[in-house]
Amino acid sequence: MAEIDTPVLALGRPGARTQKTPLQRFRHNGLPVVVVLLTVLLAWYMAAWRLNAPGAIERVLDSDAGYTQRELFEATMTMERPLMPAPHQVAIDFYESLTEWPVDNPRNLLYHVAVTGQSTLIGFVMGTALGLLLSILIVHSRTLDRALMPWIVASQTVPVLAIAPIVLVILGTLGFSGVAPKAVIAMYLCFFPVTVAMVAGLRSPQTIETEMMHTYAASRWQSLWLLRMPAALPFLFPALRVGVAAGLVGAMVAELPTGAVAGLGARLLTGSYYGQTTQIWSALVMSALLGLTLTASVALVERMVLRNRGGVA
Amino acid sequence: MSDVVNAWLQAGASPLFWPAIVLLAALAGFSIVRTAALEGRWAGSFTAAVFGLWVLFFWEVLVRCLDVSRVFLPAPSFVLASMAEHAPKLWGDFVQTVGKAVLIGWALGCGLGFCVAVAIDRMPFLQRGLLPVASLTSAIPLVAVAPIAVMWFGFEWPSKAAVVVLMTFFPMLVSTLAGLKAAGKLERELMYSYAASYSRTLVALRLPSALPHIFNALKVNATLALIGAIVAEFFGSPTSGLGFRISTEAARMNMPLVWGAIVVAAVTGSGAYALLVALERRAAFWHPSIRGK
C-alpha cells in the first residue's frame, strides 16, 4: 500500500491517476487477473499430476517394466476417469458436449443449462415480484412491518435452502413435478433478499423529500412511484444479483433428490454415481458460467436503468 | 391417544368449527394490530412473537381438526414429539454436521481468508488480481463441488468441511481487504506522523477499523457454512448429519423428523448469528456503527 507508506507524496500529486492509455489500464487492472488465473491453471495441472500419479501407476503403467517420469506425466494427463481431470480434458469434454450432440440431447450441456436456467428464471421473476409486493405493503403498514419484518430478517440467518426437500415432497403429493417445484424453491430463495433490500430502499428517501411530496399533495401511489421506487433501485439490484445466484443454487439442489434426469444438478449427481469425473467438472464449469451469465445480465440491466438516473450509478 | 385425536376430529366436524375459526382469526388480527401500535424498545419483537405464536396456533388447530395428512404438513406438536423421540439421533446429526463439518470448515475458511488478505495487503498487484476473481465467486454455485469433495475426502465430515472452506474463504478475503482500506486518511496520516511502522499501523489502527467488515463476513459465512454442509450431505454422506437426515427422512415421508432437523438447523443458524453479534459488540464497542445502538 504505497499510499500508506508515503501519504505526503500521494498528497502532492493531485490528479496523478488520470489519463491512462488502454495498454496502461490493462497492465494495471487486467494483467494481475491474468497472472492469477494462469497461476490457478498451473496449480490445477500440478494437482492433476500429483493426484492422478498413484492411479496412473496402478492402472496404466506397467510397474514391473519400469517407466520414465515423462511417461508417468503423460499418463496422468490422459487418464480415463482420473481423480482430477486436467484442464484440457475438461475443456475437450465441455467442447465436445456442445458440438457433437444436438441441443435437445441430454449429452449436450446446453440442454441441462436450459432445464436449470428455465426454473431459475421463473422462480427469480416470481420471487422478485412477490418480494416487491410484500415490501410495498410492509412500508405502508405498521402492523405488517412489526409482525413480518423481524421474521424475514431472521430468515437471512437460517439455512432456508434446507427446506427444499420438504417443498419437493409437498408439491409432489399435490401432483406437481418438473419445473414447478424447482421454480418454487428458486422463488423463495430470491424472495427474502429482495424483500429485505426493498424495505430498506423504499424507506431510504429522507424526511425532506417525503415532506416535499406531501406539500405537493402527492397521493401515496404518486409518492411511491415518483419518489420511493426510484430511490429504492440502487438497493434493489444488489439484492437481485444475490437472489439470482441463490435461485440457481436452489434450482440445482432441487434436482438432486427427485431422481431428475435433466438439469445441471442431476448431471453432477449422475456424474458422481458413475465416477465420471470429467463430466462432473464440465458440469461444474457450466454451472459457474450460468451463474456468471445470470449475474452479469442483472448487472447489465442495472447499468442501463441507473445510467438514466445520473449521479447514482 | 386416539381419544385425543378423535376429539380434535369431532371439533373439526362440528358446525361451529368455521365460525369459531373466523372469530379466532379476527381476535388474532385485532391483537396483532393492537400490539403493533405499541411504543417502546421491545414492541417490534413483541409483535413478531405474537404473530408467530398465532401462526403456530392456527397451524396446529387446522392441521389437527381438518385431519391434514402428516406427509403434507405435520402439526407443530408432532414435530416436537418427533424431536423428543429422536433426540439422540438429532444430537448425533448436530455433532456430525455442526460440530465437525461446519465449525472446522468455517474456522479454516475464515482464518485462511483473513490470513491471505493480510498477507497480500502489501502487494497491490496480487490484490488487483485476486479481488475481481474472488468477487465473481459469489455468483458461482460453489456448493456444487460437493461430489468432487466426496470423491477426494470420502463420505465423512472432511469432505463437507472442504466445501465449507471453499464457500467461506472468498467472502472473508473480500471483506477483510475492504476492511483494511476502511481506516480514515486522517488517522493513517496521524500514524505516519508518529513514524509508526507498517506492522504497528496494522495492529493499532487498520485491523481494529476493519473489525466491522470482518464480523460481517463472519456472520454471512456462518449461514453459508450451514447451507454448504447441509447441501453437501445431500450429495452423499455417512449415516448421520442434518442434511442426511433431511434428505433420507423426506424420501421416507417421515416429515415430522424432517421438520425437526430443520428446526435444529434454524436454531443453530440464529444462535450462531446472535453469538457473533454479541461478540462484535464486545470487540468493536468503540465503533460508531455499534456505539449508536
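This is a predicted model: local features need pLDDT of at least 70, side-chain atom pairs count only at pLDDT 80 or more; totals for chains, interfaces and linings use all residues.
Chain A is a helical chain, with 13 helices and zero strands, and its side of the contact with chain B draws on 46 residues, against 58 residues from chain B. The largest nonpolar core holds 123 residues, and helix H9 (residues 179-202) of chain A supplies the largest share of this core, at 16 residues. The points below go from the overall layout to single residues.

**Chain layout and domains**

- Read from the N terminus, the elements of chain A run α-α-α-α-α-α-α-α-α-α-α-α-α, in keeping with a count of 13 helices and zero strands.
- Chain A splits into domain 1, covering 19-78, and domain 2, covering 109-307. Taken over C-alpha atoms, the centres of these two domains of chain A are 37 Å apart.
- Chain B also has a domain 1, at 2-68, and a domain 2, at 84-291. For chain B, the C-alpha centres of domain 1 and domain 2 are separated by 38 Å.
- Chain A has 313 residues, and 36% of them count as buried.
- Among contacts in chain A with a separation of 6 or more, 74% join residues 24 or more positions apart.

**Where chain A touches chain B**

- The contact is made by 46 residues of chain A and 58 residues of chain B.
- On the side of chain A, two or more residues each come from helix H3 (22-59), helix H7 (142-155), helix H8 (164-173), helix H11 (220-254), helix H12 (264-273) and helix H13 (277-307).
- H13(A) gives the most to this side, with eight residues.
- By residue type, the side of chain A that touches chain B has 33 nonpolar, 11 polar and two charged residues.

**The nonpolar core**

- In the largest nonpolar core, with its 123 residues, the members that touch the most others are B:Ala146 and B:Val164.
- The largest share of this core is the 16 residues of helix H9 (residues 179-202) of chain A.
- Setting aside neighbours within four places in sequence, B:Val164 contacts B:Ala101, B:Val102, B:Gly105, B:Trp106, B:Gly109, B:Ala225, B:Gly228 and B:Ala229.

**Two helices to look at**

- H3(A) has a kink of about 45° at A:Ala53, shortly before the proline A:Pro54.
- The buried residues of H3(A) are A:Pro32, A:Ala48, A:Asn52 and A:Ala56. They pack against helix H4 (69-77) of chain A together with helix H6 (124-136) of chain B.
- Helix H2 (residues 17-36) of chain B spans 28 Å from its first C-alpha to its last over 20 residues, close to the 28 Å expected at 1.5 Å a residue.
- H2(B) is hardly covered, with a count of one buried residue among its 20 residues.

**Loop residues with positive phi**

- B:Ala195 has a phi near 60°, a positive value in a residue other than glycine. Its place is the loop between helix H9 (185-193) and helix H10 (198-234) of chain B.
- B:Ala195 counts as exposed because it has 7 C-beta neighbours inside 10 Å, and the cut-off for exposed is 12 or fewer.
- B:Met253 also has a positive phi, of about 60°, although it is not a glycine. This residue lies in the loop between helix H11 (242-251) and helix H12 (255-283) of chain B.
- With 14 other C-beta atoms within 10 Å, B:Met253 is partly exposed.

**Sequence distance and space in chain A**

- A:Ala217 is in the loop between helix H10 (207-215) and H11 of chain A. It counts as exposed because it has 7 C-beta neighbours inside 10 Å.
- From A:Ala217 to A:Pro181 is 36 residues in sequence and 46 Å in space, C-alpha to C-alpha.
- A:Leu121 belongs to helix H6 (residues 109-140) of chain A. With 18 C-beta neighbours inside 10 Å, A:Leu121 counts as partly exposed, since a buried residue needs 20 or more.
- A:Leu121 and A:Ala251 are 130 residues apart in sequence, yet their C-alpha atoms are 9.6 Å apart in space.

Terms used
Residues are numbered from 1 along each chain as its sequence is written. Chains are lettered from A and ligands numbered from 1 in the order in which they are written. Domain bounds come from an automatic or database domain assignment. Two residues are in contact if their C-beta atoms, placed from the backbone, lie within 7 Å. Helices (H or I, at least four residues) and strands (E, at least two) are DSSP runs, numbered from the N terminus. Ala, Val, Leu, Ile, Met, Phe, Trp, Tyr, Cys and Pro count as nonpolar, Asp, Glu, Lys and Arg as charged, and the others, Gly among them, as polar. A nonpolar core is a set of buried Ala, Val, Leu, Ile, Met, Phe, Trp, Tyr and Cys residues joined through C-beta atoms within 7 Å. The bend at a residue is the angle between axes fitted to the seven residues ending there and the seven starting there. The expected span of a helix is 1.5 Å times one less than its number of residues.
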